[in-house]
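Hi there,

Here is the structure I promised to pass on. Have a look at it first, and my notes follow below.

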Amino acid sequence: MTDMIVEATVNGRRQRRPAEPFQRALDFLRDELNLTGTKEGCGAGECGSCSIFVDGVLVKSCLVPVAKIAGRQVDTVEGLARSGEMTAVQKAFHKAGASQCGYCIPGMVMAATAALRANPDADREEIKERLGGNICRCTGYQKIFDAVEMARDVLNGKLSASIFDEVDATDGKYIGVNVRRIDAPSKVTGALRYAGDMTMADMLHVQVLRSPHPHARIVALDVTAAERMPGVEAVITSADVPGQDGFGVFVHDQPVMARGKVRYVGEAVAAVAAESLADARRALAAIRVEYAPLPAVFDPEAAMAAGAPVLHDYAPDNLVKHIPIRKGDVEQGLRDAELIVEQTYETQPVEHAYLETEAGLAYVDHDGVVTVHSPSQNITHHRHMMARILNLPINKVRMIMSPVGGGFGGKEDMIYQGMLALLAMKSRRPVRLVFTREESIASTAKRHPSRTTYRMGLTRSGRILASQISIIYDGGAYGLSTEGVVRKGAILGGGPYNIPNIQIDTYGIYTNNTPSGAFRSFGSLQSQFATESHLDICAERLGLDPFELRLKNAMHTGDLTHTKQPLRSSSMSEVLEAARKVSRWESGVPNVRGAVRTDLGGEGARQPCTLTPRLSSENAEAPTARRGAA
Ligand code: FES
Ligand code: FES
């Protein structure tokens, strides 16, 4: 218990509540006052999703100790539309379609409100500057800036407020018509509840113990001391899994918690449900795990070599999947070529960085149905896996998709829902888990890193005769989406080019890295990066314009794809021509149309961003000279 009492005026109402000295203003608002419109994205002052006003000043509540709001006037997003009528900023966000997943939007609305209060005539550039402390992972920002300009013009009387209610005439059309998002009002007012905002009476808080080793045998795992600690209601390990312990998108090879050994740093080993987060964290420290470290492998090519450490007994060569594609005679094509270009391309793991970290709430309902709320992108598949893991009939398992605060493929994976269900069953109380940003980055799947080796044979005039391609995807410690990624990479590996002789081999490989998973483009981005980079290099070697090389080899209607499907239609050439025109390609690109780009800074060209890092005025001049000096 604490002796600290915080008194503040929050959204116009006097509040007097006990608080813990270590609490942030964000926790106080969310946990004590249930004002969950204020979101936590990063917890480190970087994203702006927790923005509030303190005495009218925009601040990030994750950086403010609760003591600092004592005696102050605090306003949250819920305070903006107190009368029940949305503000002009909120209406404009709705009208402009400026909310997608919506997780950043309460913070954006607060920052936009502050921007227009500070300068009611702010132009777009100033609006960008003033919103520079707020991150959105979904919108691309243009709609957000459109919304703030719209609100500004309505507030200034330059636009009629009736614009907020205008809708596109549909005329029976569905494509190309702006549709008002029915869920936008709840997003712009902060009323929408994501999984981490949900609470239930008697709810417990969950923390997870994670492996510090990339590869190790678990020699001993003792949770008895943790189970006896005050506030602890349940502790689980893999021994508590009653059914088939495995999940994944294509192969179900990942246990709910490490079983016998750990395969990556950050893998769940045990989980605790306790009365408070602090109790749960203390209990984690009391769990005793003895590890016997094993040799680890972090490079997929090394993992393919004979004698490499083996991660899974059922895959002695560490192979998740190999997809071979063959068309024509590659050796002959390479013999006929006048130029052979060989090159290797690599891509790195990429974090999804959705603003809403992974979160979930689970309970066993009055009919004995195990129920899990989580932002799942694959809810039916998760339900089937969960029934197998819990050894329950499907009608005793319910998965409810909560609003997804950004997913991008990363929330296809069922990572933590199994732990929540087991803890709810063991404690017979509702349980909630919300990942910290650090935990999200350390333990969840990333975009597959890749290494692509290209061998391409061409004629001097630029016709591609043969392509030999190997793509090795680092699948990390568990299969998750790797098989699908490997298939997509193989299908699209050669690019949209009509190549008579082609050989593609794609491999997904187990390593002791963080598991790789689905991420926008599902494996094709890696292969397309390699293909298009390779074509640029080939064009340079041939002395051809890169557009010409692509147009010469583009697929046309009737061509056979690499997987031998006839193309019923292809607009590749038209797309290339349109891109060439709108990019004003002929006006200059380095090393192709002269040494200096003449299109930069020209009419209609986008001006350079003036957001961070800000340059001092003397440094802001002569960027070309500075680059040269470096
Ligand atoms: S800035 Fe506070 S949660 Fe990101
Ligand atoms: S709408 Fe901004 S993070 Fe999704």
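Which residue caps the N-terminal end of α16? In this predicted model, the cap is D545, with a side-chain oxygen 2.6 Å from the backbone nitrogen of F547. (A polar contact is a pair of N or O atoms within 3.5 Å; within protein, one must be able to donate a hydrogen and the other to accept it, and residues adjacent in sequence count only if both atoms are side-chain atoms.)

Helix α16 spans residues 546-553, and six of its eight residues are buried, so the rest of the structure largely encloses it. Buried means under 20% relative accessible area, with a 1.4 Å probe and protein chains only. Those residues are P546, F547, L549, R550, L551 and N553. Their cover includes β19, β20, α15 and α17 (572-582), where contact means heavy atoms within 4.5 Å.

Now to the sheet. It is open, with five strands in the order β12-β21-β20-β19-β13 and mixed pairing; strands pair if DSSP finds at least two bridges between them. At the edges are β12 (319-327) and β13 (339-347), each pairing on one side only. β12 runs antiparallel to β21 (residues 501-510) over eight bridges, and R326 stands opposite Q503 of β21.

Helices (H or I, at least four residues) and strands (E, at least two) are DSSP runs, numbered from the N terminus.

A word on conventions: residues count from 1 along each chain as written, and chains are lettered from A and ligands numbered from 1 in written order. Local features need pLDDT of at least 70 and side-chain atom pairs 80 or more, while totals for chains, interfaces and linings use all residues, and side-chain values use heavy atoms, without hydrogens or water.

Best wishes

Notes: Buried means under 20% relative accessible area, exposed over 50%, partly exposed in between (1.4 Å probe, protein chains only).
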